[in-house]
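Please open the model in your viewer and keep the selection tool at hand. The tour below moves from one selection to the next and says what is there.

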Amino acid sequence: MKEVSEREKALEYMLESLIKMLGKSNQRVDDLNIRVLQLESFIRETAMQNGPREKSGRLTFMN
């Protein structure tokens, strides 16, 4: 049976660590995207409830 060298063990450990870090990073991006969508929805609902206003430098939201 071939013995695994220390270098190979270190490379395997680094690869596993990078995969875990990437997974956590992707989860954070997904969470942030959900929050942004919630905020956009809240802003649209608020704008619709307030109704149209006179031009006063207000932002216009488009879908």
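A residue counts as buried when its relative accessible area is under 20%, as exposed when that area is over 50%, and as partly exposed in between. Keep in mind throughout that this is a predicted model.

Begin with the protein chain as a whole, which holds one helix and zero strands. Of its 63 residues, 3% count as buried, and the chain exposes about 6,700 Å², with carbon and sulfur atoms supplying 60% of that area.

Next, select residues 6–50, which make up helix H1. This helix has 45 residues, and from its first C-alpha to its last it reaches 66 Å, close to the 66 Å expected at 1.5 Å a residue.

Now select Glu 6 and Lys 9 and show their side chains. These two residues form a salt bridge, in which the closest N and O atoms are 3.9 Å apart, and the count of salt bridges comes to one. Why are the two partners separated by about one helical turn? Glu 6 and Lys 9 are so placed because they are three residues apart in helix H1. Is Glu 6 buried or exposed? At 62% relative accessibility, Glu 6 counts as exposed, whereas Lys 9, at 45%, counts as partly exposed, because its value falls between the cut-offs of 20% and 50%.

Move on to Leu 11, Tyr 13 and Met 14, which form a nonpolar patch on the surface and together have about 360 Å² of accessible area. Tyr 13 lies in helix H1, and with a relative accessible area of 58% this residue is exposed.

Finish by selecting Gly 51, which comes just after H1 and takes a positive phi of about 75 degrees.

Key: Residues are numbered from 1 along each chain as its sequence is written. This is a predicted model: local features need pLDDT of at least 70, side-chain atom pairs count only at pLDDT 80 or more; totals for chains, interfaces and linings use all residues. Side-chain values use heavy atoms; hydrogens and water are left out. A salt bridge is a side-chain nitrogen of Lys or Arg within 4 Å of a carboxyl oxygen of Asp or Glu. Helices (H or I, at least four residues) and strands (E, at least two) are DSSP runs, numbered from the N terminus. Buried means under 20% relative accessible area, exposed over 50%, partly exposed in between (1.4 Å probe, protein chains only). The expected span of a helix is 1.5 Å times one less than its number of residues. Patches are made of residues with over 30% relative accessible area and no salt bridge: like charges are joined within 9 Å, nonpolar side chains (Val, Leu, Ile, Met, Phe, Trp, Tyr) within 5 Å. Accessible areas come from the Shrake-Rupley method with a 1.4 Å probe; for residues, only the protein chains shown count as cover.
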